[in-house]
Each structure stands twice: as structure tokens, then as C-alpha cells.
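Open the model in your viewer and keep the selection tool at hand.

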Amino acid sequence: MLHVKNVTFGYSKTKVLEAIEFKVEEGKNLAIIGESGSGKSTLLKLIYGEYDLKEGHIFWKDEEILGPKYNLVVGYEFMKYVTQEFDLMPVTTVEENIGKHLSRFYPEEKQRRTDELIKVVELEAFAKTKVKFLSGGQKQRVAIARALVKQPEILLLDEPFSHIDNFKKQSLRRSVFKYLKDNNIACVVATHDKKDVLGFADQLLVIHDSKIIEKDTPERIYNNPKTPLIASFFGEFNVIEPYGIVYAHQLQIVAQSHLKATVNKSYFNGNSWLIEANYRSETIFIEHHDELKEDQEIHFLISL
Ligand code: ADP
Ligand code: MG
């Protein structure tokens, strides 16, 4: 189990993180969300032992994670960290990068293991390609495979799919997160993409103003967003009294209702349209199956 115990941290006098406390059981997936600059990467770096802690402690099982003051080499065998920068060796091939830390005394095992992970990150066609010829997204995939090659017990991922184009993203997410579950590897994922969270994370942690403002399953947080900031992570939403926060898809356009609005604009959204409308001189958003004309009067219901 990872245990982050009451950690407070700042690079200078300003606190970036304050009284951070949470646990991640073995094999579980914890997602951390928060606005840019809220301290997600800092938290991952602290878990990895990149900085010395003045307040609080971090444990993996019985071992305390210690910073550079106590560790000549940062990092532990049981924990791997894929940073936002992913430093790879540019003039060697994808498979050499991935297998770099595997023993060359067992070439067959090394090849088998490298091939297995190349498959997990869907880079089969690039095994022999030098890393310098890869796109940002492909490099990101090499970095993930390399982090997994020696079977860590816990993996830290910083916006792991941010460079990967949409054509590949969803299948890659499924492949990587399935691999982690199948191999009982715990992971902590910092992200601003709800698709990294929904369907994969066991727990979700929201950081705001240097504190944890919410910690629960993604389902519960999604179904009951406590603040507009949290709702905005999941999609278009409205604040309509006395109902509170309601997502655009919870508003339903009907023939008759006491809730009336006027259409401003319709945005094509793929499987639906997002209707921007005026309701009591405020802008609201409604998900609808069709485009609606500007200035049209509509009636809507709220289905919670
Ligand atoms: P996030 O990953 O959520 O975008 P970061 O952890 O990168 O946030 O940054 C949190 C805050 O700490 C920001 O205000 C950032 O400017 C500051 N910060 C990050 N790294 C450093 C550093 N090495 N030195 C000083 N300040 C830093
Ligand atoms: Mg970051």
C-alpha cells in the first residue's frame, strides 16, 4: 500500500501542497485531477522521492520514501515514474530503449519481455526504429513500456496519454490499464483528461488551492459534483437554483414545462448537439439530439 501521510510541501515559502493524505492499495488505480499548476506533478515527484519532505511522510508498504538527502540515487526498484518529459535515448531503437535495464545475460528472456511490452503500447511496427524518428506520442509510449519492463509494484504516470493522438488514445488506455490490473501494479495517474479516469480509476482525488477537496470513486464524484470546478472536469454543466449543479445532458427539451429558455446557438457535438440558451438572463447548456434555430423558445425539464 502507498500511504501519503499528511504531506505539506512548497518549493519556496508558498505552499504548493498542504496536508495531503491518502492511500492506494496494491493493484489499485488512483487518478489525481486539478487545474494546471495545482501541484499534480509535484505530488508525483514527492511520491517518487525527488524532493526531501519537511512535513509528512510517504510509505510504500513498510518502506519510507526518502528524498535526495538520504538517497544517492533517486528512485526505487519497486516504483517507476513516467514524467511529462520522458527522457529516452534518441539514437537507439525502440526495443533497445525498452529493454535497456534488462539483463543481457538472458537474451531470449529479454527479447520476450521487450516484445510483450511493445505490444502493450502498440508499437510493433516501430520496434527497430530509432527513437529520434518517433513522434511525441510514440515516444510517450516507449517511456511507458520502459517503465513497466521490470515489473514495478507501483507506477506513477504524469498525463500519460497527453501527446497521443485520438486515433490511438482509447485503445492504448485500455491496453495499458488492463496490463496494470492483470499484473496487480498499483498506479497513480495525474491527468486533466476525464477519459483517463472514467472506466479505469478506482479512486479519484481532486486537488484545488493546494488541498484535496474531494476523494471518492469516480462514479460518486461524477454523480454528485460538489463544486463547479469538479463538474467542469466532466463536461458542460449549469448551476440552476434550486437544483444546483446539473450537467447539460440532464436538461431535457420538452413540449411543455414551466422552465423556458431562448436558443442562442447550437454546436454540433457528434452524437448530439450542445444548445446554448438564455434562461432568466443566464447562459445555460442543454444536450439535444437536433440542431435548434436561434431565438427559438424552448421548454425544458431537469432530470436528476
Ligand atoms: P501541475 O502538474 O498540477 O500542473 P505542478 O506540480 O507542475 O502542477 O506545479 C505546481 C506549482 O509549483 C506551480 O505553481 C509551479 O509553478 C510550481 N513549481 C513546479 N515545479 C517547480 C520547481 N521546480 N521550482 C519552483 N516552483 C515549481
Ligand atoms: Mg503537471
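Select leucine 155 in this predicted model. Show everything in contact with leucine 155 (heavy atoms within 4.5 Å), leaving aside neighbours within four places in sequence.

Two ground rules before the next stop. The model is predicted, so local features need pLDDT of at least 70 and side-chain atom pairs count only at pLDDT 80 or more, while totals for chains, interfaces and linings use all residues. Residues are numbered from 1 along each chain as its sequence is written, chains are lettered from A and ligands numbered from 1 in the order in which they are written, and side-chain values use heavy atoms, with hydrogens and water left out.

**The cores**

Which residues touch the most other members of the largest nonpolar core? They are Leu155 and Leu180, in a core of 34 residues. Such a core is a set of buried Ala, Val, Leu, Ile, Met, Phe, Trp, Tyr and Cys residues joined through side-chain atoms within 4.5 Å. Buried means under 20% relative accessible area (1.4 Å probe, protein chains only). In soluble globular proteins, nonpolar side chains tend to be buried together.

Colour the elements that give two or more residues to this core: α2 (94-99), α3 (107-120), α4 (136-148), β7 (154-158), α5 (166-182) and β8 (186-191). Helices (H or I, at least four residues) and strands (E, at least two) are DSSP runs, numbered from the N terminus. The largest share, six residues, comes from α4.

Next, pick Tyr48, Ile58, Ile65 and Val188. They are among the 29 residues of a second, separate core.

**The ligand**

Select ligand 1. Its surroundings (residues with a heavy atom within 4 Å) are Tyr11, Val16, Glu35, Ser36, Gly37, Ser38, Gly39, Lys40, Ser41, Thr42 and Tyr51.

- 2.7 Å to a polar backbone atom of glycine 37
- 3.0 Å to a polar backbone atom of glycine 39
- 2.5 Å to an N or O atom in the side chain of threonine 42

The protein covers 56% of the 560 Å² of accessible area (Shrake-Rupley method, 1.4 Å probe) that ligand 1 has on its own.

**The whole protein**

Zoom out. There are seven helices and 17 strands. The C-alpha atoms fill a box of roughly 75 × 45 × 30 Å along the principal axes. Of the 304 residues, 48% count as buried.

Methods: Polar contact = N/O pair within 3.5 Å; in protein donor to acceptor, adjacent residues only side chain to side chain. Buried < 20%, exposed > 50% of the residue type's maximum accessible area, 1.4 Å probe, protein only.
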